[in-house]
Amino acid sequence: WTDYCDCDDDEVREHKINNKGCNACRCVARSDEDEDVERSFKLGSLNGAGATGHVQFRLSGTSLSVRITARGLSPNLPHAQHIHGALDSGSNTCPTAANDANGDGIITVVEGGSSYGPIAVSLTTSGDTSPDSALALDRFPVADRHGNLDYERTIEVSQEIAAQINEFHIVQHGIDFDRSGAYDGDRESSIDPDVPLEATVPANCGPPADNSGAVTTRSTTTTTTREDAPYGMGSNGKP
């Protein structure tokens, strides 16, 4: 402990009042519990959907609060949405036209997945959030009649996901190409033959491939204690 601390970026400053009433500090290694991470980024349209949006993450330990505001989605329909990314890959990105392997003008889930990676978290409105709920359309948010969707939920994620939260992307799915008011058509989803292509095709993704508009901030919280303060007392000797 010392009276002055010049901590490195990977350290946090701890404070205490010693038994002589003087302030002291020390630098200790930063841990996941020491900081909150806030991240915001844009969602860019895919497959001509015209669907855009904005995402806000707040991570505290392994508690992740997610807020999504999207516009231009297919109205009155549910939209599956997930946090995508391969752990430890460091190369997750949103897809581009180059992902359209068969040249049919549509980037399917399988084609886009080669860029943004597998599902890490299903952003459902209730219940399970694991990849097992990837197609739980009855538990994904529904866009209103104008194609607007607002989503907010706080969930628990694994320590592995929390540690790499800045490497992941969000993808919202579902495009009513023929404007029939339902996910239908003859084409099957690239991931489930029992589900129409329209229900799973990516409508947007973020942050964009060039990472434009992405902002990440980190904040730490330190506490001040007193070595000789009785249990339940603060540094001034009062509760």
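Predicted model: local features only at pLDDT ≥ 70, side-chain atom pairs only at ≥ 80, totals over all residues.
User: Why is histidine 82 called buried?

Analyst: Buried means under 20% relative accessible area, exposed means over 50%, and partly exposed lies in between (1.4 Å probe, protein chains only). Histidine 82 has a relative accessible area of 4% and is therefore buried. Its place is in strand β6, residues 81-84; strands (E, at least two residues) and helices (H or I, at least four) are DSSP runs, numbered from the N terminus.

User: What makes the pairing of histidine 82 with alanine 134 a polar contact?

Analyst: A polar contact is a pair of N or O atoms within 3.5 Å; within protein, one must be able to donate a hydrogen and the other to accept it, and residues adjacent in sequence count only if both atoms are side-chain atoms. A polar atom of the histidine 82 side chain lies 2.9 Å from the backbone oxygen of alanine 134. Contact in the wider sense means heavy atoms within 4.5 Å. Leaving aside neighbours within four places in sequence, histidine 82 has such contacts with residues including Ala134, Phe140, His169 and His173.

User: What makes a set of residues a nonpolar core, and which members of the largest one touch the most others?

Analyst: A nonpolar core is a set of buried Ala, Val, Leu, Ile, Met, Phe, Trp, Tyr and Cys residues joined through side-chain atoms within 4.5 Å. The largest has 31 residues, and Phe57, Leu64, Leu123 and Ile170 touch the most other members. Strand β5 (63-71) is among the elements that supply at least two residues each, and β5 gives the most, with four. A second, separate core of six residues includes Leu46, Cys94, Val109 and Val171.

User: How do you know that arginine 58 forms salt bridges?

Analyst: A salt bridge is a side-chain nitrogen of Lys or Arg within 4 Å of a carboxyl oxygen of Asp or Glu. The closest N and O atoms are 2.9 Å apart for arginine 58 and aspartate 36, and 1.9 Å apart for arginine 58 and glutamate 38. Both pairs meet the definition of a salt bridge. Arginine 58 lies in strand β4 and glutamate 38 in strand β3, so this pair ties together parts that are 20 residues apart in sequence. Asp36, Glu38 and Arg58 are linked in a network of salt bridges.

User: Why are arginine 58 and aspartate 36 given their accessibility classes?

Analyst: Arginine 58, at 35% relative accessibility, therefore counts as partly exposed. Aspartate 36, at 17%, counts as buried.

User: What makes aspartate 150 and arginine 71 a salt bridge?

Analyst: Their closest N and O atoms are 3.5 Å apart, which is within the 4 Å limit. The pair links distant parts of the chain, with aspartate 150 in strand β8 and arginine 71 in strand β5, 79 residues apart. Aspartate 150 is exposed, because its relative accessible area is 54%. By this rule the count comes to four salt bridges.

User: Why is leucine 135 called partly exposed?

Analyst: Its relative accessible area is 31%, and leucine 135 is therefore partly exposed. Leucine 135 is placed in the loop between β7 and β8.

Notes. Residues numbered from 1 in each chain as written. Heavy atoms only, no water.
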